[in-house]
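Keep the structure open while you read.

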Amino acid sequence: MLNTENIQSLIDSGEGYNVEFKVRVPSKVRELTEEICAFANADGGYLLIGVDDNGQVVDTNLENDKRSAIQGSISEISPALHCELYSVNIVNKTVWVIDVPSGKDKPYIFSGSIYVREGANSQKLRTAEEMRSFFQECNKIFFDHIPCHWFNIYTDADEQMIKDFRTEAKLSPSTPDKQIFENLELFTENRTAKNGAAMFFGKQPERKFPHATTRCVLFKGTNKVYIIDDKTFGGSLYQQYLQAIAWLKSKLQVAYKIEGTGPREEIWEIPLTVFKEAIINALSHRDYYEQGASIMIEMFDDRVEISNPGGLLPVVAKDFGHKSMTRNPLIFSLFTRMHLVERVASGIPRMQEAMREANLPEPEFHTEGMFTAVFKRQISNSANYDTVNGIVNDIVNDTINENEQAILNLLVTTPGLNASEISKHINKSLRTTMRYIKVLQDKNLIEFRGAPKTGGYFLKNETYEI
């Protein structure tokens, strides 16, 4: 049984993969039992009755008849499942706890259906066929739940990653790391860290999971013949997400719109939000049992493709875009806690809507074997944007070669670099780099600012498209 301190810590950490809040017992007790069944089919969890969605304890009282109804409903789960039901006092208010173990005889069925935990929500699988398919696809053991004997989270974790997680998850600074790790269910029953914990919080998890990386490749043209740039990013999954987004931003065309004295508005050729959704989906849902492939981000002149090993689970394929299920519930839950996933099954519709709002074709999805999202680029030679002084002159992209383009992209994200620094970034000699810089200066696109020894190069007109 958990004590007052443990329960308060769970409440402070918020709802998630292993924790569900209920203000009161719903009028239909079976709604509670569905959540309990979902917890049993996952890693177990806690239903806290008497806590609202904002984590406020509102006090509740469970009379004998309600407790009896809950236990009676739980007894309908097959095979039999034993759960603890007890009360805990929190600041003179009563919270009732339903303590659900991770079931040993999965799958558990309630009223002819199986329920599984998906992030901070529960999903219903309606048929035995769906149930069998799901557990067969996942090999009955989620990869991110497998014990990771080489990883000690207290000595091998990336401290900055833990800080980033605390910040993004809005966790109380007073909550000890140990309690957070416990609440996130990062350990097996034998107190061994899980694979998901190592991939999410480890310093260099790719040393043991060489396939758990993200590779970004820029091609010249529309096929895979000429490679211009090729980067592979390792580190924690969150760091891979950040590095992949930064790489895309360094390659995509962007325009700046300035109105009045306010801050400039970035207008990307493809909305960044679709890439954020696609990359998080890839990191969360990829098949980590497949060790022969990495997540791929491939950019061509006419499109960007984001692929991950593992097609759609059969359950999802039947209702693609509306039903969500992950092969890695722990990883998905951690991204959810960082507020990088808004709600279950909303990613595909959000990507479609963002592309429509940008007047671009909706993304294409290929789901066999590899899951691939394809985002079409608009190849245009010019763009007009309103500025403080009126209309910006058109700049024709095909007058700039790929190396000059790389310098322009670099100065968008890192203005003020000197020639030596630029040469290292674009992997060209200083002599060659100076030649490209001279061309861009002649085209009135960049300029040198500052003292000769300490200054650097800047975009001359920050309102044009590159």
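Y154, F165, F181, F187, F200, F201 and F335 form one aromatic cluster. What counts as a pair here? Rings of Phe, Tyr and Trp (its six-membered ring) pair if their centres lie within 6.5 Å; planes under 30 degrees apart are stacked, over 60 edge-to-face, and the rest tilted. The model is predicted, so local features need pLDDT of at least 70 and side-chain atom pairs pLDDT 80 or more, while totals for chains, interfaces and linings use all residues. Residues are numbered from 1 along each chain as its sequence is written, and side-chain values use heavy atoms, with hydrogens and water left out.

**Rings**

A search of the whole structure finds 17 aromatic pairs. One of them joins F165 and F201, and this pair is edge-to-face, with 5.5 Å centre to centre and 70 degrees between the planes. The pair links distant parts of the chain: F165 lies in helix α6 (residues 159-168) and F201 in helix α8 (residues 195-201), 36 residues apart. Helices (H or I, at least four residues) and strands (E, at least two) are DSSP runs, numbered from the N terminus. Are F165 and F201 buried or exposed? Both are buried. Buried means under 20% relative accessible area, exposed means over 50%, and partly exposed is in between (1.4 Å probe, protein chains only).

Y457 is buried, at 8%.

Charges can also meet rings. A charge sits over a ring if NZ of Lys or CZ of Arg is within 6 Å of the ring centre and within 35 degrees of the ring normal. The table gives two such cases.

| Charged residue | Ring | Distance from ring centre |
|---|---|---|
| R191 | F187 | 4.6 Å |
| R303 | F300 | 3.7 Å |

F187, under the charged end of R191, also belongs to the aromatic cluster.

**Two helices**

Take helix α13 (residues 347-357). Its buried residues are G347, I348, R350, M351, A354 and M355. Seen down the axis of α13, these fall within an arc of 165 degrees, so they line one face of the helix. The arc is that of the directions from the helix axis to the C-beta atoms. What do the buried residues of α13 pack against? They pack against α10 (272-285), β14 (364-366) and β15 (370-376). Contact means heavy atoms within 4.5 Å. After α13 comes N359, whose phi is positive, near 60 degrees.

Now helix α14 (residues 402-413). It has 12 residues and reaches 17 Å from its first C-alpha to its last, close to the 16 Å expected at 1.5 Å a residue. The expected span is 1.5 Å times one less than the number of residues. How many of the 12 residues of α14 are buried? Nine are, and α14 is mostly covered. Among them are N403, E404, I407 and L411. The buried residues of α14 pack against several elements, including α9 (237-251), α15 (419-426), α16 (430-442) and β18 (446-449). At the start of α14, a side-chain oxygen of N401 comes within 2.9 Å of the backbone nitrogen of N403. A polar contact is a pair of N or O atoms within 3.5 Å; within protein, one must be able to donate a hydrogen and the other to accept it, and residues adjacent in sequence count only if both atoms are side-chain atoms.

A42 is in the loop between α2 (30-40) and β2 (45-49). At 6% relative accessibility, A42 counts as buried. A42 touches Y17, S102, K106 and R117, leaving aside residues up to four places away in sequence. The C-alpha atoms of A42 and P329 are 8.4 Å apart, though 287 residues separate them along the chain.

R327 sits in the loop between α11 (314-317) and α12 (329-337). R327 is buried too, at 10% relative accessibility. Its side chain reaches the backbone oxygen of H285 at 3.3 Å.

R431 is in helix α16. R431 is exposed, with a relative accessible area of 73%.

**The whole chain**

The protein has 16 helices and 19 strands. Of its 466 residues, 54% count as buried. Among contacts with a separation of 6 or more, residues 24 or more positions apart account for 65%.
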